[in-house]
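Here's a quick briefing on a fold and what sits inside it. Have a look at the model first, then read on.

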Amino acid sequence: MAKIVCVSPAFNEERTVSSIVRESLKHVDEVIVVDDGSTDATFKKALAAGAIVIRHPRNMGKGAALKTGFSLALKRNADIIVSIDADGQHEPNEIPKLLKKLMHGSFDLVVGSRFLGSIEGMPSLRILSNTITSRLLRLFFKLPITDSQSGYRAFKRKVIEVVTFSDPRFAAETEILIEAHRKGFKIGEVKIKTIYGEEKSKMRNVEDTIRWLKVLFKYLILSIVNKDNLKRYNLKR
């Protein structure tokens, strides 16, 4: 029987973290909440709801929180890891949809996509940024993704064991997709609900856009270098 562990990055999510943990535990074996330097009651509420909670002494960013959570999940012998945001934008009862696609669709990584259904309620700026980033990833890296900014994902253990990422903030999620694709893992999507309430985005628009572009250019350069090396190798042969 596969052991399924949720990893949930959280920064000042005392309003929603309890319900995310409790509802997620209906579908997985353990929930790891990474309290990323919260100044509210996130730590206490996540712990009381039944999560394994690890705390960063200061806010380090979503990428850093994912790295901490993934590392602990592997140490706790997770066979499948589900990442789910703690701010209430993901419906934990949709976890079985991701798991079904992962286990019965021959995929190694499954992304929950809001763009496969209605995106009513999503802020227009988020629609624009997500559409642009997703199209660029499809154009340059042939990534079969419609919702590159979705943090709702399910991974087989082997993906987390070998995929590396360095950005400490939101661009890490793009790094993970590109790295997984480059390493030959099969990526799929499943439709999820679009949920937006009164929560404030943790993204810093200018800073995080610059970070995302740096990640994009890094992998574009790597792709060019690798193609050039391959051509030289073939010529030598």
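Three elements, α3 (62-75), β6 (153-156) and α7 (172-182), each supply at least two residues of the lining of the largest cavity. Helices (H or I, at least four residues) and strands (E, at least two) are DSSP runs, numbered from the N terminus. Keep in mind that this is a predicted model: local features need pLDDT of at least 70, side-chain atom pairs count only at pLDDT 80 or more, and totals for chains, interfaces and linings use all residues. Residues are numbered from 1 along each chain as its sequence is written, and side-chain values use heavy atoms, with hydrogens and water left out.

**The cavity**
- The count comes to one cavity of 30 Å³ or more, where a cavity is a set of points on a 1 Å grid over the protein atoms alone at which a 1.4 Å probe fits but cannot get out.
- Its volume is about 30 Å³, taken as the space filled by probe spheres set on the points, with grid points joined across faces, edges and corners.
- L66, F70, S83, G151, R153, F155, E173 and I176 line the largest cavity; lining residues have an atom within 4 Å of a point.
- By type, that lining splits into four nonpolar, two polar and two charged residues (Ala, Val, Leu, Ile, Met, Phe, Trp, Tyr, Cys and Pro count as nonpolar, Asp, Glu, Lys and Arg as charged, and the others, Gly among them, as polar).

**The sheet**
- Seven strands make an open, mixed sheet, ordered β3-β2-β1-β4-β6-β5-β7; two strands pair if DSSP finds at least two bridges between them.
- β3 (52-56) and β7 (187-191) are the edge strands with a single partner each, so one side of each has no neighbour in the sheet.
- On average, neighbouring strands of this sheet are turned by 20° against each other, direction ignored.
- β4 (residues 80-83) runs antiparallel to β6 over four bridges, with S83 opposite R153 and V82 opposite A154.
- β5 (residues 109-113) is also antiparallel to β6, through three bridges, and V110 has A154 as its bridge partner there.

- α3 lies across β1 (4-10), β2 (30-36), β3, β4 and β6, at about 145° to β2 (axes are lines fitted to C-alpha atoms, for helices over the stretch in contact, and angles run from 0 to 180 degrees between N-to-C directions).
- L72 is in helix α3, and leaving out residues up to four places away in sequence, L72 touches I32 and I52 (contact means heavy atoms within 4.5 Å).
- L72 and I54 sit 18 residues apart in sequence and 9.1 Å apart in space, C-alpha to C-alpha.

**Aromatic pairs**
- The whole structure holds two aromatic pairs (rings of Phe, Tyr and Trp, its six-membered ring, with centres within 6.5 Å; planes under 30 degrees apart count as stacked, over 60 as edge-to-face and the rest as tilted).
- F70 and F155 form an edge-to-face pair, 5.5 Å centre to centre with 70° between the planes.
- That pair links distant parts of the chain, with F70 in helix α3 and F155 in strand β6, 85 residues apart.

Conventions: 1 Å grid on protein atoms, 1.4 Å probe; cavity = no way out; pocket = protein on both sides within 12 Å on 5 of 7 lines; lining within 4 Å.
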